[in-house]
There are 2 protein chains.
Amino acid sequence: MESTRTRIRRATINDVASAAGLSRGTVSRVVNGERYVSEDAKLAVEEAILKVGYVRNSVARNLVRQQSGAIGLIIHEPHSLLFEDPNIGSILLGANAVLSAADYQLVTLIIDSARDSRRVADYLQGGLVDGAVIVSARESDPIALAVKNLGVPAAFVGHPPGIPDIPYVAIDNAAAAEAITSHLLGTGRTRVGMIACALDRDSGQDRLAGFKAAMGELFDPELVVEYPLYTYGFGLEGMQELLRRRPDLDGVFAASDAVAAGAMTALQETGRQVPGDVGIVGFDDSSWALRCRPQLSTVRQPADLLGERAAELVLAQIRGLPSPAEVLETSVMWRGSA
Amino acid sequence: MESTRTRIRRATINDVASAAGLSRGTVSRVVNGERYVSEDAKLAVEEAILKVGYVRNSVARNLVRQQSGAIGLIIHEPHSLLFEDPNIGSILLGANAVLSAADYQLVTLIIDSARDSRRVADYLQGGLVDGAVIVSARESDPIALAVKNLGVPAAFVGHPPGIPDIPYVAIDNAAAAEAITSHLLGTGRTRVGMIACALDRDSGQDRLAGFKAAMGELFDPELVVEYPLYTYGFGLEGMQELLRRRPDLDGVFAASDAVAAGAMTALQETGRQVPGDVGIVGFDDSSWALRCRPQLSTVRQPADLLGERAAELVLAQIRGLPSPAEVLETSVMWRGSA
DNA sequence: ATGCGTTCTGTGAACGCTCCCAGACCCGTG
DNA sequence: CACGGGTCTGGGAGCGTTCACAGAACGCAT
């Protein structure tokens, strides 16, 4: 981070004051729309502002007010997920909606390397934001620890294992996975596999646990394949592997819709009929689900609500209100794929 | 933006100084890793920092240094594009890579309402960032004007019409569209339509212009349908409309891969063979392209490079170096869909 | 006249840091 | 012994605001 110090000097509140023949205090009052300033003074200040081209220095303001009016949203995802995971966009937009309404600025920070991780932690601790929403933290995430140590108001989307006492909003992945798997079994399948992903996260772990629970007696460890990410590509690959292990498979639970879409392609490429030969269910109810032919049976997850509620939890903390963890409802969307 | 002023007082540099029995100056020197501090002093300060739990207040630091070490990346997209457009993620990651290497923090600001637009403009002007990368600006964007007025170092991704003299990095959409359309015509098609999108932007306009140029004599205005966004849904709809107008259509240029994917679905649902009956080409070379069956012939657009170069342009301005506009190369990826 | 409440204005004191200058100290050299 | 040069430390000034307080000016009732 270098710099050539050549930026032209910006007008300050003092420049405005002297141009208007008034004092700092009065200028500050009109800039902030406070009471107790005469009509004459107001006009003079507004004219002076235009004349000298003044715009408020937020840094100085934030320093004295001891708050920034900004909330960070931290995304810690591997490269590819930024494109593949539709939930992130929804979470982002949901959070932005409630913060915007409360006149907070949402600033999104992405972590793509260890270096980023440190810099972002500094950013959070440095007083540059009043709080943070953290998406997809992993176990022993330095960010989570930083937040915890400094007491920055924060909320997690998803329930990071190993970080107690921090407000979060999540869905019950295990229960939802169990529910959709049961639906799938309800269509009379008996040889059902799972393409599991992201087992380093609570969502991945819990979906697998839910699957096992639903399968009960029928569960066969050989019919579970594991991949690091929720992607179309791994869905394709995972399905091929499953078919290799068990060509007579008649059902599959994919850990996300993107994965399910990949699996469906793999199935159709081997000439199998969906849902005739193999039934397939996904997770997310993202735009993937409607795009598949046949359309995907899946778990509807309210991603935008997740973002909204997380933002609300952060605001609650800032305002000194209670901010209880929250588990949002999911529902099974039953469509043509199983 | 309210607040209950109850945050616990943070330790300051003075607290560290008195705990270590040294002065502010010395503490500052060790915190910033400067020379001329004795080993004893360094140890004492480090111990004191741990003891009082000090973390630097970046706001105060930024105020005196008159720089923030942060670069804003502004995304002004309608809701749905945040999920559908794979380019945005690549641009983001590209920009982050170069800024991270230069030890700048990338902060992403999204605009989703007029209110956001104003707040973001304030954020940019208020000294909270040292520069900005602006993605997908539209004509007469308030953000663009704000940047222009205050002289904040900035670079645009894409070439916003009506905003001269601002560095940008873009691709030649018209030339690329012309090239791929020519390829399509080269397979012997004569009744070729286009699903055009986002005509309020340079990319949308230019792709249409390129299409027209390639078609020459063959161009038929009835075979162009227009939609506001580059989405799968509009691709589906657009293809159905085109087929209604001209059931014997034998080729189509979709304004993006997502649009092409929708179009392909529509085509296949009417029982048409791709590329046998109808050839189809897209734009972006996103993950959509490989996901279609057959795979999509498309224009490869280096989205990550776009982000990298834009970030470099901003850094160049900060360093007082020249920052010429840049047009990046595209290439035609010829695959199975035409 | 005096007092009181309201509106309006100016100013000193922060906020927490960095920068710079002055001075102390130590060492080796002429 | 004086001197120059390097190393180390302390502290004043200043970054551009907001905030609290003091005081001026005014009208109105006592």
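**Close-up 1. Protein around DNA strand D.** A polar side-chain atom of Arg24(A) lies 3.1 Å from a base oxygen of DNA strand D, a polar contact in the sense used here (a pair of N or O atoms within 3.5 Å; within protein, one must be able to donate a hydrogen and the other to accept it, and residues adjacent in sequence count only if both atoms are side-chain atoms). H2 and H4 of chain A, together with H2 and H4 of chain B, each give two or more residues to the surface near DNA strand D; helices here are DSSP runs (H or I, at least four residues), numbered from the N terminus.

Please keep in mind that this is a predicted model, where local features need pLDDT of at least 70, side-chain atom pairs count only at pLDDT 80 or more, and totals for chains, interfaces and linings use all residues. Residues are numbered from 1 along each chain as its sequence is written, chains are lettered from A and ligands numbered from 1 in the order in which they are written, and side-chain values use heavy atoms, with hydrogens and water left out.

**Close-up 2. The surroundings of DNA strand C.** Of the atoms of DNA strand C within 4 Å of the protein, 69% are sugar or phosphate and the rest belong to bases. Look for the phosphate oxygens: one is 3.2 Å from a side-chain N or O atom of Asn32(B), and a backbone N or O atom of Asn57(B) also lies 3.2 Å from a phosphate oxygen. The side chain of Arg56(B) has an N or O atom 3.5 Å from a phosphate oxygen of DNA strand C.

**Close-up 3. Trp288 of chain A meets Trp288 of chain B**. The whole structure holds nine aromatic pairs over all chains. In one of them, the ring centres of Trp288(A) and Trp288(B) are 6.2 Å apart and their planes lie at 20°, so the pair is stacked. Rings of Phe, Tyr and Trp (its six-membered ring) pair if their centres lie within 6.5 Å, with planes under 30 degrees apart counted as stacked, over 60 as edge-to-face and the rest as tilted. The pair runs between chains, from helix H13 (residues 287–291) of chain A to helix H13 (residues 287–291) of chain B. Trp288(A) is buried, at 8% relative accessible area, and Trp288(B) is buried at 8% too; buried means under 20%, exposed over 50% and partly exposed in between (1.4 Å probe, protein chains only). Ring pairs join Tyr232(A), Trp288(A), Tyr232(B) and Trp288(B) into a cluster.

**Close-up 4. Asp116(A) and its partner Arg119(A)**. Asp116(A) sits in helix H7 (residues 114–125) of chain A and is buried, with a relative accessible area of 1%. Its side chain makes a polar contact of 2.8 Å with the side chain of Arg119(A).

**Close-up 5. Val59(B) in helix H4 of chain B**. This residue is buried, at 6% relative accessibility. The C-alpha atoms of Val59(B) and Leu128(B) are separated by 9.1 Å, with the two residues 69 apart along the chain.

Technical notes
A residue is near a molecule or strand if one of its heavy atoms lies within 4 Å of it.
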